[in-house]
Amino acid sequence: FPSHDSVYRGNSTSYSDCLFTLQANKVYMGNSTSYSDCQYTFEDNKVYKGNSTSYSDCLFTIDGSRVYRGNSTSYSDCLYTINDGKIYRGNSTSYSDCLLTVEKDKVYRGNSTSYSDCLATVDGILKYAVVAVLIGPY
């Protein structure tokens, strides 16, 4: 078993198409797990910039099925709502506000599950909120 999870471009699982590597609570660019390539750190339902866990470096807060801007959980700061395998814009769960569909190991654009609309392939287990953070912003 691999000691990390990976997110690849489109339908690929090729080494050269690796967008992100997730190991422990860190997200790295490409196939790297180097300290200098750390893009995000996850801790206590917060997503921080780089290797930081400082309050001022908090980019997102994950609260249940919603992802919020910064340290907020205010309705007006909701960036994404996750519901039934779909990631929606803001507080909406409307068909027209669907940004991503997650099905099995694939992430698709909008409501589609078409091969040509595949944005990413996930090798491992990722929470929908993590997918929203990695594939966004919109």
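## Close-ups of salt bridges and the core

**View 1. Arg 89 is partly exposed, with 42% of relative accessible area.** In this predicted model, the side chain of Arg 89 meets that of Asp 97 in a salt bridge, 3.3 Å from N to O. Asp 97 has a relative accessibility of 21%; because buried means under 20%, Asp 97 counts as partly exposed.

**View 2. Arg 109 pairs with Asp 117 in a salt bridge.** Look here for the closest N and O atoms, which lie 3.5 Å apart. Arg 109 is partly exposed at 47% relative accessible area, and Asp 117 is partly exposed at 23%.

**View 3. Lys 49 and Asp 57 form a salt bridge.** The closest N and O atoms of this pair are 3.9 Å apart, and the cut-off for a salt bridge is 4 Å. With a relative accessibility of 48%, Lys 49 is partly exposed. The structure holds five salt bridges, these pairs among them.

**View 4. Leu 22 and Leu 134 touch the most other members of the largest nonpolar core.** This core has 25 residues. Two or more of its residues come from each of the strands E2 (18–23), E4 (38–43), E6 (58–63), E8 (78–83), E10 (98–103) and E12 (118–123), and from helix H1 (128–135). H1 gives the largest share, four residues.

**View 5. Leu 134 and its contacts.** Leaving aside residues up to four places away in sequence, Leu 134 touches Val 7, Phe 20, Leu 22, Val 27 and Tyr 40.

How values were computed: Residues numbered from 1 in each chain as written. Predicted model: local features only at pLDDT ≥ 70, side-chain atom pairs only at ≥ 80, totals over all residues. Heavy atoms only, no water. Buried < 20%, exposed > 50% of the residue type's maximum accessible area, 1.4 Å probe, protein only. Core = buried A, V, L, I, M, F, W, Y, C linked by side-chain atoms within 4.5 Å. Contact = heavy atoms within 4.5 Å.
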